[in-house]
Protein chains: 2
Amino acid sequence: MAGKQIVFDQSEPLTVPPGTRLTEAAGQAGIFINQPCGGQGRCGRCAVQVTSGQVRRRSTLRLSAKDVEQGYALACQTLVLEDAHIHIPAQETLERRLTSDLSAATIAVPAGYTYEQQSLRRIPLSLLPPHMDDQRDDWSRLALAIRQEIDLSQVSVSLPLLRKIGTVLREGNWQVTAYVALDETAAGEHDRPGILIDLQPGHVPDTEPLWGVCVDVGTTTVTVWLVDLLSGQVEAQAAEYNRQLRLGEDVISRIIFATKHDGQEELRTLVLQSINTLIDRACTKANLQHREPVNGGQTKPEYCHPQQIMKATIAGNSTMIHLLLGIPAGSIRLSPFVTAVNKLPVLTAAEIGLAIYPAAQIQCLPGVASYVGADITAGVHASGLDKTDLVTLFLDIGTNGEIVLGNQDWLVTCACSAGPAFEGAGVHDGMRATHGAIEEVWIDNHTYEPSLGVIGHAQPKGLCGSGLISLLAEMFLTGVIDKGGHFNTTLPTKRIRRRDNSWEYVVAWAAETQTGRDIAITYVDIDNLIRAKAAIYAGFTVLADSIGVPLETVAQVLIGGSFGKYINVEKAVQIGMLPDMPWEQFHFLGNTSVLGAYQAILNGNSQRQINAIADRMTYIELSADNSFYEAFTSALFLPHTDLQRFPSVAKVLADLSAQEVTQNGS
Amino acid sequence: MAGKQIVFDQSEPLTVPPGTRLTEAAGQAGIFINQPCGGQGRCGRCAVQVTSGQVRRRSTLRLSAKDVEQGYALACQTLVLEDAHIHIPAQETLERRLTSDLSAATIAVPAGYTYEQQSLRRIPLSLLPPHMDDQRDDWSRLALAIRQEIDLSQVSVSLPLLRKIGTVLREGNWQVTAYVALDETAAGEHDRPGILIDLQPGHVPDTEPLWGVCVDVGTTTVTVWLVDLLSGQVEAQAAEYNRQLRLGEDVISRIIFATKHDGQEELRTLVLQSINTLIDRACTKANLQHREPVNGGQTKPEYCHPQQIMKATIAGNSTMIHLLLGIPAGSIRLSPFVTAVNKLPVLTAAEIGLAIYPAAQIQCLPGVASYVGADITAGVHASGLDKTDLVTLFLDIGTNGEIVLGNQDWLVTCACSAGPAFEGAGVHDGMRATHGAIEEVWIDNHTYEPSLGVIGHAQPKGLCGSGLISLLAEMFLTGVIDKGGHFNTTLPTKRIRRRDNSWEYVVAWAAETQTGRDIAITYVDIDNLIRAKAAIYAGFTVLADSIGVPLETVAQVLIGGSFGKYINVEKAVQIGMLPDMPWEQFHFLGNTSVLGAYQAILNGNSQRQINAIADRMTYIELSADNSFYEAFTSALFLPHTDLQRFPSVAKVLADLSAQEVTQNGS
């Protein structure tokens, strides 16, 4: 047959024999098409658009009917029939089309944010100096000047600051900059109380940022965002494992350590070290970004120093907040499972031990119950669940799985202990979703060889949460493990092997890794992951059942938590962690806890809404519910004891099986 | 002539020759009549009542016409004429009649005080324990229970207390006692905010006192009253010299020490030592009074420990308050003489360094200006000046002289530096008005021998303020010194002598004293005292002049300050410290500063009234007024350059002179 002319976008026409795969043709034309699944036609990442001409699609997995109508085809599964023009979407566009709804929201300043919404105000003041005819005391003089600038019912001041105002006023020759924190809880914008938290000589230029920091204290991961409160912009982010991890991987073991081993203070110190280190690191990042040489080759004065951070909001689960504040958490662990406190007063950095400006006001966001903390109220707010009329399922998948079901009118919540596996902790080769983490895995269902997606396109170091889910799903779909998570040790691959008395699958050989050691997943890891996903699945099904809302009526599933960016909803459904619903109903939001803390630090209104969420939410105690244990047991399979609940997974299994027959037969 | 029969009260009749002095007759009857002035007929303390019969009164000094009409006579100046019945009033009654208006008010619980007025509440609570059906957090549970007991708009709590509530609730098996401080500034009795300041397991019995402490920080003397807030009763008092004294006797030298010698912290520590020692001492006194053996000879558990004191109010002049709180006071000393702060926020004991319950709320009362502090606002309130329609002059004579003129409608104030002489400091043999202090002196105008009144009827140790005034007046009236304060060195007495190049008058010889050393007053002491009294006199005359209120329209003079109990208004007029007005217009109120702090600790209403006084008072700066210096110079004489301003003193001088003539002629 005559060669066919293929034109990729603006490339020179290329002549290939009919039947040539589009990926091969592209390769000949010097064009690289990404094939994460190794050309199995399963990941959809090689999709191209056939703008004219005829092709044969061997598989349209991951393409919708509308996609096909618009000419989309999987390059790895599509053969040239006639002359054709092929458009290759930018990989980024493609990823967004396939995963945008699935990826963490990029941090945009909330629409409409202006500094006027900010309850921390930096106010330049020019005072009249005292005089024999005007002998008002320094504080009255200052307080009046502040109240002439902003509408306050009263302004208060601490003793340490009172001790320095006289000196600062005179040092600045009665030109000073006041930092005033307005009461966030006061409803209106007018006539609310304020606190002077700092006074500096002279007028701080408007070009200097006004720093705040948002903190999410996760059981496994601590995250810090450094924010310029003037612009609302996040200027730097930093995250690391919670240093408490070495004293216990989950909240229960931490509480036990705190109570039984008198470890309250040690735990408090460790998490403070994490936070303070991250704040330092975020400041360093911001400084690096703004390092500009000025006259004479000197660098600019430091852009941000931790002591300049004048405000913080903190989210985190109830145990983490208790431990951070040094409040005994023992009652959280024991029936009837109550916290010491859900709604914290405004505190100062000095009281807590945060290494920022000592009088900075710290708002710990409110929790609801022992296992539904401020991470969830913040997350619900950040997700917009509290403002939608759609029945919405919100999942925060961190070390604990917290689940909220509801809409703007009602909210119910429950918690289930998922463990830290999905954060890469407690797994042999687990790691956080940073450079070198395997975040995507595809396994060839003939060779059982994996294709890896690694963050930063680096040599792999370990597996992050999204990588683990992807790996688990692939192992199940390709038969490396069975529905119970047990290895098929008869498969013809060296990757399934026995080591240290346990079976494992080698994801990357030592020679390919950064560490020079094999990266593998063991049976124990798999068991951990299955238990974790089962807890989550059982949690939301029992929650929905308990209030009589069928899962089918759920219009959207919002997913928060510290998963990586490219979490794949398909894979999460395939392992039975998420309910089997159309993709477009899932929205992965990333770390909604810190996002809520970020919204709260910008806007008092957000803070009030988070308080309202805490007040409105009805907590349902799963441990008081036998049906939870039954649901959990049924979910200890891939994807579930009852495959009928997962029709899309059943279809993929069928497709793969058919493909195998076809290929074997071809 | 036949003997006359004299009956003293219920004694056996006594026959004496006519012409016998009543004091002699009483002596023969074995009855002791107190004669502090040594029988000169000047102190009036030997007054008796002739209920029947005839006597001859040689002098009626200090007796009013009405007294004479009622039969009163000075026993030392009265001769028997006929048979007579004589009633001897109890000395105490007599002293009160002569001096009650002049003595410090005894501390009575303010009329109508009930615990309901108290803003510190001790509340026994019986909580429902948490349950799987009631998983509220500990703090919400507790806060609701508190709000069910008292009407509060909200209740807040500090982090340190939050850290312990869970433990206390469980230790008390959900039976606890809450200590709640209501907001004093909130106007109404209902719906105001409160703060939980302590939580104790179990129910504290109603019989246990609820402790508060009132503090007056004087430049020279620190005074502490320990109060049971349940009954309102002052349970113990203690006072000592301010330990800052060794770093400067007046506020100016203290401020200089603080600023020039970096002594802020040292001064703060010293005054805290004074206060904390006094609190300890007051607790010990209260414990001693309540030491009762219980079964088995054991003593009762400690009645009061400083850590049980849950509230404090503090009065004092502006410099003392600044130094106590560690607030730089430098601007107080330098023109235009402004304080850092007049109205302090509510603080905690821990913030200040007070060694009582760390979270106890401390209210420092408000000042008005650099030299009119909280001691004056508290004093004005305690004196009732702010509630009278009489034009009233209020003098607080401590180290500084502060003067208030006004009534319920208007208040003006000024300050003049009197120095610490009237507190017994800065005077060679000065001391505080405690056991062994000479508080009253009478000098025989022939022999120049003194009669001494000593506190506790002990051997003398030194001279307190009232003793110094008394001594100065007597020396002047008897001619030991002239109107300029210079000794008449020609008088035939060994008591006027030269020592260490300076003249002095020996008040007590070494053999009579506790110390075994002579007690004397030197020319330098006299000069100090005259300058101090001149500053006070000039102060109120210039203040009255400046607002055009003639001194004659003043209906009453209220005197606060740390004078001793038996301050003698007559003597104070004789030295020209007080204006020459009828006795009954003077009222010595004692330490009105601590009295105001006492009223404020009991009743939030008092505290609000003191705040209102601070707001209403118009401060007049004497240093900006040339007329002050003139008035001061004119007052540097005994009693004044212009004797016409002191008609009563002129009369005494005339009387004494006439008496001398009579006696010389008899």
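This is a predicted model: local features need pLDDT of at least 70, side-chain atom pairs count only at pLDDT 80 or more; totals for chains, interfaces and linings use all residues.
What percentage of the 666 residues in chain A do buried residues make up? The figure is 50%, where a residue counts as buried if 20 or more other C-beta atoms lie within 10 Å of its own, as exposed if 12 or fewer do, and as partly exposed in between, with C-beta atoms placed from the backbone.

Good morning. Residues are numbered from 1 along each chain as its sequence is written, while chains are lettered from A and ligands numbered from 1 in the order in which they are written.

Let me begin with chain A as a whole. Chain A contains 18 helices and 27 strands; helices (H or I, at least four residues) and strands (E, at least two) are DSSP runs, numbered from the N terminus. The radius of gyration of chain A is 28 Å, close to the 26 Å that the globule rule gives for 666 residues, so chain A is as compact as a globular protein of that length. That radius is taken over C-alpha atoms, and the globule rule is 2.2 Å times the number of residues to the power 0.38. Along the principal axes, the C-alpha atoms of chain A fill a box of roughly 105 × 65 × 50 Å. Of the contacts in chain A with a separation of 6 or more, 68% are between residues 24 or more positions apart; two residues are in contact if their C-beta atoms, placed from the backbone, lie within 7 Å.

I turn now to sheets. Strands of a sheet pair through backbone hydrogen bonds, either parallel or antiparallel. Here, two strands pair if DSSP finds at least two bridges between them. One open sheet of chain A has 6 strands in the order β26-β25-β16-β17-β18-β27, with mixed pairing. Its edge strands, β26 (586–590) and β27 (618–619) of chain A, each pair on one side only. Within this sheet, β16 (392–397) and β25 (556–560) of chain A pair in the parallel sense over 5 bridges, and A:Leu393 stands opposite A:Val557 in β25(A).

Elsewhere in chain A, β22 (496–499) and β23 (502–508) run antiparallel and are joined by 4 bridges. The two strands form a hairpin with 2 residues between them, and A:Asp500 in the turn has a positive phi of about 50°. The bridge partner of A:Ile496 is A:Tyr505 in β23(A). Another 4 bridges join β23(A) to the antiparallel strand β24 (519–522) of chain A, where A:Ile519 stands opposite A:Ala508.

Where does A:Gly456 lie? This glycine is in the loop between β20 (450–454) and β21 (462–463) of chain A. A:Gly456 is exposed, with 11 other C-beta atoms within 10 Å. Leaving aside residues up to four places away in sequence, A:Gly456 touches A:His435 and A:Gly436.

Next, chain B. An open sheet of 4 strands in chain B has the order β6-β8-β9-β7, with mixed pairing. β6 (120–126) and β7 (152–157) of chain B stand at the edges with a single partner strand each, so one side of each is left without a neighbour in the sheet. From one strand to the next, the twist averages 35°. β8 (175–182) and β9 (192–201) of chain B pair in the antiparallel sense over 7 bridges, with B:Ala181 and B:Ile195 as bridge partners.

Two helices lie across this sheet. Helix α4 (138–149) of chain B lies across β6, β7, β8 and β9, running at about 140° to β7(B). Helix α5 (159–171) of chain B lies across β7, β8 and β9, running at about 55° to β9(B). Axes are lines fitted to C-alpha atoms, for helices over the stretch in contact, and angles run from 0 to 180 degrees between N-to-C directions.

How do these helices meet? The axes of α4(B) and α5(B) come within 10 Å and cross at roughly 80°. The two helices are therefore roughly perpendicular to each other; angles under 35 degrees count as roughly parallel, over 145 as roughly antiparallel, 65 to 115 as roughly perpendicular and the rest as oblique. In this contact, B:Asp138, B:Trp139 and B:Leu142 of α4(B) meet B:Leu162, B:Ile165, B:Gly166 and B:Leu169 of α5(B).

Finally, the two chains together: 37 residues of chain A are in contact with 37 residues of chain B. On the side of chain A that touches chain B, the largest share, 6 residues, comes from α5(A). Thank you.
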